[in-house]
Amino acid sequence: MRKQTGPDSVHLNTDEDLQTFIEHYDASVVGVFSGADSSHLSEFLKAAGLLREQFRFAHTTDLKLGEQYGVNSECVLLFRPPKMANKFEDSVVVFKDYLTIGSLRRFIRDHIYGLCPHMTLENRDRLRVRDLLTAFYDLDYHHNVQRSNYWRNRVMKVASLYSGRGLTFSVANKKDFLSELEDDFGLGTSDGGELPFITIRTRLGHKYTMREEFTRDGQSLQRFLNDYFAGRLKRFVRSEPVPERNTAAVKVVVAESFDDIVNDPGKDVLIQFYSPSCPHCKKLEPVYKELADRVQVIIIIIFISIIIIMSHCCCGYTDLSVCLSAVRRSKHCHC
């Protein structure tokens with residue numbers, strides 16, 4: 001959350017004021033208006049008051065300040081952070097549509113991050129409303145901008161080839177996301193070394209990791225993306241090993257084998273989500289096995305026991321309650 005001290009929008013009088021304002025670690029939104037009585041300025045200030053916690057706002061009533069950016073009428077200029085400057089996209093984006101709070105909000109939302117933004121703990125939720133590829137490495141825009149952009153530019157070169165296909169791109173400091181990377185993708189601190197390692201997280205919670213080493217020419221990333229768009233990638237799920245022998249009447253399912261067994265359209269499935277520490281589960285276990293032995297010769301049905309504390313759920317969530325809608329929950333289990 002940004003500080004609430006100071007005005008909603010900073011008034012800029014000179015070009016020096018403007019340059020000082022936009023030379024900032026974060027993006028800047030600057031309104032250029034013809035005078036203090038402009039109706040568009042009034043609407044801009046209302047938007048700044050509502051959005052100041054997320055974005056930086058400033059305005060000027062001198063149209064000449066916009067001329068160096070190719071505009072000579074009222075408009076809003078979005079300046080991306082200087083640290084993120086690159087040859088793949090413009091550093092300044094011009095908003096010339098009819099200005100309302102809603103239209104300005106949409107403009108900022110659609111353009112502020114650009115082709116490959118820096119994902120942080122603060123903005124990750126806003127970025128993850130879409131399917132998102134992230135390159136994790138030792139990114140540090142405070143102390144080593146050149147090195148941080150070295151890898152980002154290589155990601156952007158490939159990202160520019162896949163624009164408009166429903167996947168967004170980002171870079172992040174892997175040290176900020178160590179626990180998440182380990183828990184959600186099975187990646188440790190030594191994975192990738194100095195090279196970026198790549199993940200994809202979709203809006204539905206599906207997760208993918210690039211196992212091939214990142215190459216400086218971007219070819220390994222292109223192969224990964226081609227496989228992703230072709231549907232050839234296997235989703236990552238944190239799972240216990242698939243049992244080598246699984247011939248009993250009650251099958252044991254782990255996260256990795258969930259789709260193959262439980263979601264087999266040719267069979268009906270009754271599944272018990274089992275916790276070794278649950279007394280109700282333990283009490284039900286012999287009854288469950290006996291029932292499986294009796295009915296398997298009469299009807300095509302698979303009885304499954306899945307240990308819920310050792311594997312992530314089939315949908316990629318650790319909270320199993322979100323994925324039980326397709327199966328019948330045992331009324332005897334209250335764990």
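First, the housekeeping. This is a predicted model, so to speak of local features I need pLDDT of at least 70, and side-chain atom pairs count only at pLDDT 80 or more, while totals for chains, interfaces and linings use all residues. Residues are numbered from 1 along each chain as its sequence is written, and side-chain values use heavy atoms, with hydrogens and water left out.

Okay, the overview. The protein has nine helices and 13 strands; helices (H or I, at least four residues) and strands (E, at least two) are DSSP runs, numbered from the N terminus. Of its 335 residues, 43% count as buried. Buried here means under 20% relative accessible area, with exposed over 50% and partly exposed in between, using a 1.4 Å probe and protein chains only. As for contacts, meaning heavy atoms within 4.5 Å, take those with a separation of 6 or more: 68% of them are between residues 24 or more positions apart.

Now the sheet. What is the strand order in the open sheet of five strands? It goes β1-β3-β2-β4-β5, with mixed pairing. The edges are β1 (10-11) and β5 (92-95), and each has a single partner strand, so one side of each lacks a neighbour in the sheet. Two strands pair if DSSP finds at least two bridges between them.

Let's stay with β3, residues 56-60, which pairs with β1 in the parallel sense over two bridges. Val-10 has Ala-58 as its bridge partner in β3, and His-11 has His-59. β3 also pairs with β2 in the parallel sense, over five bridges, and there the bridge partner of Val-32 is Thr-60. Is β3 covered or open? Mostly covered: five of its five residues are buried. Arg-56, Ala-58 and Thr-60 point one way from the strand, with Phe-57 and His-59 pointing the other way.

Next, the helices. Helix α2, residues 39-51, lies across β2 (28-32), β3 and β4 (75-79), and runs at about 160° to β3. Helix α3, residues 101-111, packs on the sheet too, touching β2, β3, β4 and β5, and its direction makes about 155° with that of β5. For those angles, axes are lines fitted to C-alpha atoms, for helices over the stretch in contact, and angles run from 0 to 180 degrees between N-to-C directions.

How do α2 and α3 pack against each other? Their angle is about 60°, with the axes 9 Å apart. That makes α2 oblique to α3: under 35 degrees is roughly parallel, over 145 roughly antiparallel, 65 to 115 roughly perpendicular, and the rest oblique. On the α2 side the contact includes Phe-44, Ala-47 and Leu-50, and on the α3 side Leu-104 and Ile-108 are among the residues involved.

Thr-199 sits in strand β9, residues 197-201, and counts as buried because its relative accessibility is 2%. Not counting residues up to four places away in sequence, its contacts include Leu-132, Phe-136, Leu-187 and Tyr-208.

Met-156 is in helix α5, residues 145-159, and at 0% relative accessibility Met-156 is buried. Leaving aside neighbours within four places in sequence, it is in contact with Asn-86, Phe-88, Glu-89, Leu-115 and Cys-116. Met-156 and Glu-89 are 67 residues apart in sequence, and C-alpha to C-alpha they are 9.7 Å apart in space.
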